[in-house]
Amino acid sequence: MLPGMKAIFVLIIVAIVIAMFWSGPSEAPVAPSEPAVQAAPADALTIRIVYGSEKQAWLEAVTTDFNARRVQVAGKPVHVEAVAKGSGELIDDVLAGRDQADLVSPASAAFITLANAQSRAATGGDLVAKTENVVLSPVVIAMWKPMAEALGWPRERIGWGDILALAQHPQGWASKGQPQWGRFRFGHTHPEFSNSGLQTLLAEVYAGAGKQGGLTTADVSAPAVATFVQGIERAVVHYGSSTGFFAKRMFAGGPGYLSAAVLYENLVIEANAATPKPSFPVVAIYPKEGTFWSDHPTGIVERPWVTGERRQAAQAYLKFLLERPQQEAALRFGFRPAAVEVAVAAPIDAAHGADPQEPSTTLETPSAEVIAAAITLWRSAKKPAHVALVLDTSGSMEEDGKIAAARDGAVEFLGLLNPGDRLSLMTFSSTPQWLGQNLPLASAKAQSMAQVGGLIASGKTALNDAVLQAFTALQADPDQGAIKAIVVLSDGADTTSTTTLETLLTRIDPGPESGGAIRIFTIAYGKDAASDVLKRIAETTQAKAYKGGTGDIRLVFRDIATFF
Amino acid sequence: MSDDTAPKATLLGKLVILLVLAGCGYLAWHFLIAKPTSTEPAPGAAAPTRVQPSGTATRIAVGYGTEKERWLKWAVEEFAKTEPAIQVELVAKGSLEGAQALLAGEQLHLWAPASSLYTATFAADWQVKHAATPFARSETLALTPMVCVWWAERFAALKKPPQTFRDIATLIAEPTGWAGLAGKPEWGFLKFGHAHPNQSNSGLMSLVLMAHDYHQARQLGMAQVMDAGFQTWLTAFEKGVAGLSHSTGAQMKEMVLKGPSAYDGLCVYESVAIDFLRNAQGRWGDLRVTYPAPNAWNDNPAYVIAAPWNSPAQREAASRFLDFLMAPTAQRKALDHGFRPGDPAVPIKEAGSPFIELAKYGLRVDLPQVIEQPSGEVIANLLAGWQRAVGR
């Protein structure tokens, strides 16, 4: 193949990979965060940065300082509006022009590379011409310190082979002399939606292939690699779109919920520095086979809405981020500074679970073709799910087009589930009604989508009864190797159930051994939804509570799909 | 050889070739004549017209190679203290990128690329477009050779420390990586990098030095560049290269920030290595500098652009900033940042010089053998062979 043709081929593959991987929300809750809360002066030149949510605390703090300085460009004070999003989501939004940001700052350079490839294919030019890394953090396996010590840490270097052995051992932690810890429970984000999830998958594939670079599609398709990846994936509690969400849930849920999760080093440091502290210290394990860096490249958007004045303002802000005080602040937030003038120091230390001398080596980022092959492998090797979709069809859903938007979102949700997953489908109004139970999606997806697409609304709202009935059905499923979850959408308070909320909460509470629990993801739909009740239901099962309306219900469903 | 397989230089590659030829000629002249170049009176020889503050500052944009970033950022801050009526904006531009930007009309008022290699070609293109010479003034800011910089712990762990590119090729080829090289499997593969030869002056210089080293020759001919053994060796070498960056400074910064997890070693300008030596301390251990033999010089010119957009006030402002850069204080600061000053009056062997203070890291003043100028045809085929080898 001629070099030019090869380049075009690679570009096409890259574009396909982008379309596959980052066409939806990622790395963040669906609802975008509010901009850093500061009123812009009346005469301000306001610019907008959208950034990966992992660095929200630091960026909001330093942006507040920047705005207070009233830096002048063209005689006007510059005001920066900083908005946290998922890395994939922010790139998608700016590429589509939905978000006319002046600066972007995703979690890793891969997003810039892929965004520029997509931009060049569409417009002939890059989305972002030049970037500067504003902070750094390596991808690590976060593990409770006593558990890491049971594996020999810090005496022994721990790698993916150790994780696999523990995941596959029928006695779990008992094989390490710790039967009270039960099974090994692992977590990482969805590789098709999240930077850290994709990097986890690639690390697993590398480890399975016994390589640290030069990964090929032949390596990915080797049976031994599939066995390796599947062995680890079967220990996964669930997936998700947000690395930060995993961190919060792990540190709130304790060792009974997750033994370990793939996070960024700064999240480990943040947890150990938090008040109150988690139930045990957490340590960052730098896999002995190598890892990846999250380097937060930040650059000015090459689009017409970034005028000369705005570009100048963006440059001033970027320069400010890289100055010593802001970089020292980044260090306090647990990031490794991107300015060489600021030395790595506390809290990048053992007291906060980190080792400043790690990582020792990194893995080579494979080609787009290899990444695509790894994703295909993951779809067949991932932990299967049994999802119960529970939809409110009470009469109020007829108002404001709610039932129509909910139908569309739910149909899209079913389309995103894996053929290896199983589905139970329930509607509820005055009483719950099963439309199907334990259906293999490989054969039942089309019919289920048709059923959801034809839902109509009438009657009252038996929310508690419906959730309890779905929960009981999933409990009866004998398959212990699947992610079990309920997704419930409701637009109003319970009006007719025989089950009280307290009874429901007692029944669904997994207790301290929450790792294998049935999770209930809730969607408070519309302005009249009982959002507090739904939040209590979700949090009792350590799942996620969403709020949505007709405008964003599809995005909510898509984000929930990343958990499976 | 068929057309399909014959190496061909890209347009950018051709520009690079011209750049090398012009630069080699310039370097030969520079070192034979051994005088600082200037089209203006030396600072202090004649009092230039002051830029009068007029309520708003005179703004100038300076295109520069990132290898000089830290020195120039210092200079801009210091200059602002003495010349508040002049606002200097630094715009990072690689050597080729800067020339192309100027030709495309980007309003740079002063241009300071990594070398003067592209000067003649740029001037000819400018003449065609503007029917005038592009430069109102030129100076040589500083000089620097190429070095390899390593993490000291890893360099010391090697059973046979590398002195040449052939040695490095052998290390890269070790199939078990650091496990076989030093009994350190946790270090992964040996990760060596250099800048992109089609995007960076230092990348092209690395490639030229590799060819010289492979053939153990001071002068390269077509037969040597087209030699099948060399092509195979180059392909294997580049396959094992850990990273290609458009910017030497950015690549060195990444090495310091990410440590040996990103790069065990890099081929960079000596000035870049020195500039980062102190900041690298206390992170991942010390750095170790070696000088590949044979070696080559890079100069660092600065040009006041005689462009239509460069008003007399801006030209004067640019010239005053250039005066500042060439003055002893800034030249000594350039030395602090690892450059061998363009002003021969500033000594590099006195106390306080990094060549003295940082000598323990392997710095040395005298260079090994310096290469002779390769022909344009040789460079063209070398670069085209590299493009074919790496597919980039």
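How many residue pairs are in polar contact between chain B and chain A? The count is 13 residue pairs, both members being at pLDDT 80 or more. The legends below describe close-up views of this predicted model.

**Figure 1. The interface between chain B and chain A.** In this predicted model, 25 residues of chain B are in contact with 27 residues of chain A. The two chains bury about 2100 Å² between them, and carbon and sulfur atoms account for 47% of that area. On the side of chain B, the residues that lose the most area to chain A are B:Lys258, B:Arg283 and B:Trp284, which together make up 29% of what that side buries.

Figure 2. Three salt bridges are counted between the two chains. One salt bridge is formed by B:Arg70 with A:Glu341, whose closest N and O atoms are 3.4 Å apart. The elements of chain B that give two or more residues to the side touching chain A are strand E2 (86-92), helix H11 (248-258) and helix H12 (270-280). H11(B) gives the most, with four residues. By class, the side of chain B that touches chain A comprises ten nonpolar, four polar and eleven charged residues.

**Figure 3. The open sheet E2-E3-E1-E4-E11-E5 of chain A.** Six strands form this sheet in the order named, with mixed pairing. Its edge strands are E2 (72-73) and E5 (132-133) of chain A, each of which pairs on one side only. Strand E1 (residues 45-52) and strand E3 (residues 76-85) of chain A run parallel and are joined by eight bridges. A:Tyr51 stands opposite A:Ala84 in E3(A). Helix H12 (residues 308-321) of chain A lies across E1, E2, E3, E4, E5 and E11 of chain A, and runs at about 55° to E1(A).

**Figure 4. The open sheet E15-E14-E13-E16-E17-E18 of chain A.** This sheet is formed by six strands in mixed pairing. E15 and E18 (545-548) of chain A stand at the edges with a single partner strand each, so one side of each is left without a neighbour in the sheet. Neighbouring strands of this sheet are turned by 15° against each other on average, direction ignored. Strand E13 (residues 385-392) and strand E16 (residues 483-490) of chain A run parallel, joined by seven bridges. The bridge partner of A:Leu391 in E16(A) is A:Leu489. Helix H17 (residues 463-475) of chain A lies across E13, E14, E15, E16 and E17 of chain A, running at about 165° to E16(A).

**Figure 5. The hairpin of E14 and E15 in chain A.** Strand E14 (residues 422-428) and strand E15 (residues 432-440) of chain A run antiparallel and are joined by six bridges. The hairpin connects E14(A) to E15(A) through three residues. A:Phe428 has A:Pro432 in E15(A) as its bridge partner.

**Figure 6. Backbone features in loops of chain A.** Most residues other than glycine have a negative phi, and most peptide bonds are trans. The peptide bond from A:Thr275 to A:Pro276 is cis, with omega near -5°; A:Pro276 is placed in the loop between helix H11 (265-273) and strand E9 (282-285) of chain A. The bond from A:Glu358 to A:Pro359 is likewise cis, with omega near 0°, and A:Pro359 lies in the loop between strand E12 (336-337) and helix H14 (368-381) of chain A. A:His296, although not a glycine, has a positive phi of about 50°. A:His296 is found in the loop between strand E10 (293-294) and E11 of chain A.

Conventions
Residues numbered from 1 in each chain as written. Chains lettered and ligands numbered in written order. Predicted model: local features only at pLDDT ≥ 70, side-chain atom pairs only at ≥ 80, totals over all residues. Heavy atoms only, no water. Contact = heavy atoms within 4.5 Å. Buried area = accessible area lost by both parts, 1.4 Å probe. Salt bridge = Lys/Arg side-chain N within 4 Å of Asp/Glu carboxyl O. Polar contact = N/O pair within 3.5 Å; in protein donor to acceptor, adjacent residues only side chain to side chain. Nonpolar A, V, L, I, M, F, W, Y, C, P; charged D, E, K, R; others polar. Pairing = 2+ DSSP bridges. Axes fitted to C-alpha atoms, helices over the stretch in contact; angles between N-to-C directions.
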